Amino acid sequence: MKYSQNIYIAVFITFFSLILVSCSSSQIHAPVFDNHSPSKKSSSTFHMVGTGDTLYSIAWVNGKDYKELARWNNIAWPYTIYKGQKLSLLATKRVTKKASASKKIRKTPSVKKKITRRTSSNYKKGLKLAWQWPITVKKLEKGGAQSGVVLVGKSGELVRSSEGGKVVYAGNGLKGYGNLLIVMHNSEFLTAYGYNKRLLVEEGSVVKKGQAIAEIGNDNKKRHVLFFEMRKHGKAVSVTKYLPRLRG
């Protein structure tokens, strides 16, 4: 009888240990750095719009300029897209003809007035930008992708917008970025802030330079990190070229 009880206790301890291991392995960390790849709903020539997509996020993940993407697909400001819509990621002759025809229409005074009214003066090409680092940087590392950097910060730090602008994407639908914000600063520049623990602003929010927009997250090494990337006309540029020089 005592022998049977010992077997029962041993089985129970083994089962309980397996549960603990399973629970500990389910802990969520920020994405691995080399996981930056377009969604399966994208190919090299088209993207099928899904829940949470914006024109800006689609352009970002495919390395395109959002203005060109809008022109190729005849999408007018404010760039409204719909779930299930198929967007071309390449310019075509047919679209090019339509684009050239629309240029002729824009020469009329009434259309010019309409475009001016819809476009915020805060995002004009000529706006001078003075960048700041989004966190206090303890260490800067290259991102796993060919663009962007990983900024190592400190626990509980708030992520701040590097310049004033408008949040054009807020979510976790882009694979490899975790909780991500994309901010449009003018018609040339966008910045992205990934691996966040929590987002503090919503899509469509207008933010000021230095405004807290997220809480810094952790990577799978339990470091406090932020993924940061800057793009000009849809192409990644070196953040160290535009931001103040780091000390040390």
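How many salt bridges does the structure hold? The structure holds six, a salt bridge being a side-chain nitrogen of Lys or Arg within 4 Å of a carboxyl oxygen of Asp or Glu. The model is a predicted one, in which local features need pLDDT of at least 70 and side-chain atom pairs count only at pLDDT 80 or more, while totals for chains, interfaces and linings use all residues. Residues are numbered from 1 along each chain as its sequence is written, and side-chain values use heavy atoms, with hydrogens and water left out.

One of the salt bridges connects Asp65 with Lys67, whose closest N and O atoms are 3.1 Å apart. Asp65 counts as buried, at 8% relative accessibility, whereas Lys67, at 26%, counts as partly exposed. Here buried means under 20% relative accessible area, exposed over 50%, and partly exposed in between, with a 1.4 Å probe and protein chains only.

Glu141 is buried, with a relative accessible area of 17%, while Lys139 is partly exposed at 45%. Glu141 also forms a salt bridge with Arg223, at 2.8 Å from N to O. This pair links distant parts of the chain, since Glu141 lies in strand β3 (residues 139–142) and Arg223 in the loop between β12 (217–218) and β13 (224–232), 82 residues apart. Through shared partners, salt bridges join Lys139, Glu141, Asp219 and Arg223 into one network.

The strands named here are DSSP runs of E of at least two residues, and the helices are runs of H or I of at least four, both numbered from the N terminus. Two strands pair if DSSP finds at least two bridges between them. Strands of a sheet pair through backbone hydrogen bonds, either parallel or antiparallel.

Strand β8 (residues 189–196) is largely enclosed by the rest of the structure, because eight of its eight residues are buried. With strand β7 (residues 179–184), β8 pairs in the antiparallel sense over five bridges, and Met184 has Leu190 as its bridge partner in β8. The two strands form a hairpin with four residues between them. Six bridges join β8 to β13, again antiparallel, and Gly194 stands opposite Phe227 in β13.

Leu190 also belongs to the largest nonpolar core, which has 30 residues; Leu55, Tyr66, Ile182 and Leu190 have the most contacts inside this core. A nonpolar core is a set of buried Ala, Val, Leu, Ile, Met, Phe, Trp, Tyr and Cys residues joined through side-chain atoms within 4.5 Å. The elements giving two or more residues to this core are α2 (55–61), α3 (66–72), β4 (149–152), β6 (165–171), β7, β8 and β13, and α2 contributes the largest share, six residues. At least three residues of this core come from each of domain 1 (46–88) and domain 2 (139–236), the bounds coming from an automatic or database domain assignment. Not counting residues up to four places away in sequence, Tyr66 touches residues including Leu55, Tyr79, Met184 and Leu190, where contact means heavy atoms within 4.5 Å. Apart from this core lies another of 23 residues, among them Trp131, Val159, Val201 and Phe228.
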